[in-house]
Amino acid sequence: MQAQELLTALADGGTVSGAHLAERAGVTRAAIWKQVESLRARGVPVQSQGTAGYRLPWPLQLLSAQAIRSALPVPVRKSVGELELHWEIDSTSSEIQRRAATLPDLSMILAETQSAGRGRRGRSWLSPPGLNIYLSCLKRFDAGFAALSGLSLAVGVIVMRTLETLGIQGAGLKWPNDVLSDDGKVAGILVELSGEYQGPCAAIIGVGLNVRLTPALREQAGQPVNDLVSLSGGVGPDRNRVAAALIGALAEGLIQFEREGFAVFTEEYASHDLLRGKALRVQGAQGAMEGVGAGVDARGALLLQASDGLHSIDSADVSVRRA
Ligand code: BTN
């Protein structure tokens, strides 16, 4: 029995005996125990119930490419390229990178778990199976890099639209595109570009969306994090519905960005901007600066009102100063 089959057997939240699992899979109980340990090592808190067997603390829905596809509105289904679901992969973004030459535009790759999930600034992205969403999307553009300014902020807006579709409130955007609630980061976005400066290019857009985090995962994350289960009062949305909402928002939003650029996203970005009017500390290549957040410009740069005037910042680490 593989970890995937074991998670499937435990998914409804009921207790399943080791003997029953072993018999069903035609393996020894020791082999079952090995897979229980493997799930635990990946961050899934499988509980032992003595002789009664094993259970999860809550039911979970495993992802299904079929369920995701049928939850997509027909026009979105038509615009999406490949829609692939892997049980385990190093990184959905790396997979798109490897196949970028042959994948159709707006292809979406999801995985239940990533063994080498990548975050921004060389950080890793924890990717336990059965709990969150890890998705990467390929979008090609004809107009060159210059037309892509603001893309990563637009993707932040697209994730906020996803949460709105799911009826989830309580999150906003921290420049450039962290999706944060009061308690921590709910989603991370990694946009990687390749191609020609003035010609055809491609964006690989990776989104990690926390649906359910365990206390151990919150500790391991190395930064405050939060999940959709907490934002929706304890009962999380169905993960296939979350994946479909995200894919739908990406397909529509990226086509909109291709046609009209970041300009059409600026108002929506402003309505979710968590830094506007806040006292900020900005740490960039040029050193540190302090000021007040004044929104973003038409290219997606952060505007900082400092004592010597208005600065437009393209890349920096930003933190809110405590009063
Ligand atoms: C961040 O550091 O905020 C960005 C995190 C992006 C994580 C996602 S999960 C799907 C895709 N695959 C990866 O390896 N990374 C991105």
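**Ligand shell and local backbone features**

Pro 176 lies in the loop between strand 6 (171-174) and strand 7 (178-181), where strands are DSSP runs (E, at least two residues) and helices likewise (H or I, at least four), numbered from the N terminus. A cis peptide bond with an omega of about 0° joins Trp 175 and Pro 176. The model is a predicted one, in which local features need pLDDT of at least 70 and side-chain atom pairs count only at pLDDT 80 or more, while totals for chains, interfaces and linings use all residues. Residues are numbered from 1 along each chain as its sequence is written, and side-chain values use heavy atoms, with hydrogens and water left out.

A further backbone feature concerns Leu 106, which has a positive phi of about 60° although it is not a glycine; Leu 106 lies in the loop between helix 6 and strand 4 (107-114).

The ligand is surrounded by 19 residues, of which Ser 91, Gln 114, Arg 118, Arg 120 and Lys 185 are the closest, a residue being counted if one of its heavy atoms lies within 4 Å of the molecule. By class, this shell has six nonpolar, ten polar and three charged residues, where Ala, Val, Leu, Ile, Met, Phe, Trp, Tyr, Cys and Pro count as nonpolar, Asp, Glu, Lys and Arg as charged, and the others, Gly among them, as polar. Strand 8 gives the largest share of the shell, four residues.

Among the polar contacts (pairs of N or O atoms within 3.5 Å), a polar side-chain atom of Thr 92 lies 3.1 Å from a nitrogen atom of the ligand. A backbone N or O atom of Arg 118 lies 2.7 Å from a ligand oxygen atom, and a backbone N or O atom of Arg 120 also lies 2.7 Å from an oxygen atom of the ligand. Taken alone, the ligand exposes 420 Å², of which the protein buries 99%, as computed by the Shrake-Rupley method with a 1.4 Å probe.

The structure also holds four aromatic pairs, defined for rings of Phe, Tyr and Trp (its six-membered ring) by centres within 6.5 Å, with planes under 30 degrees apart counted as stacked, over 60 as edge-to-face and the rest as tilted. One of them, formed by Phe 145 and Tyr 197, is edge-to-face, at 6.0 Å centre to centre and 85° between the planes. Because Phe 145 lies in the loop between strand 5 and helix 7 (151-165) and Tyr 197 in the loop between strand 8 and strand 9, this pair ties together parts that are 52 residues apart in sequence.

Key. A polar contact is a pair of N or O atoms within 3.5 Å; within protein, one must be able to donate a hydrogen and the other to accept it, and residues adjacent in sequence count only if both atoms are side-chain atoms.
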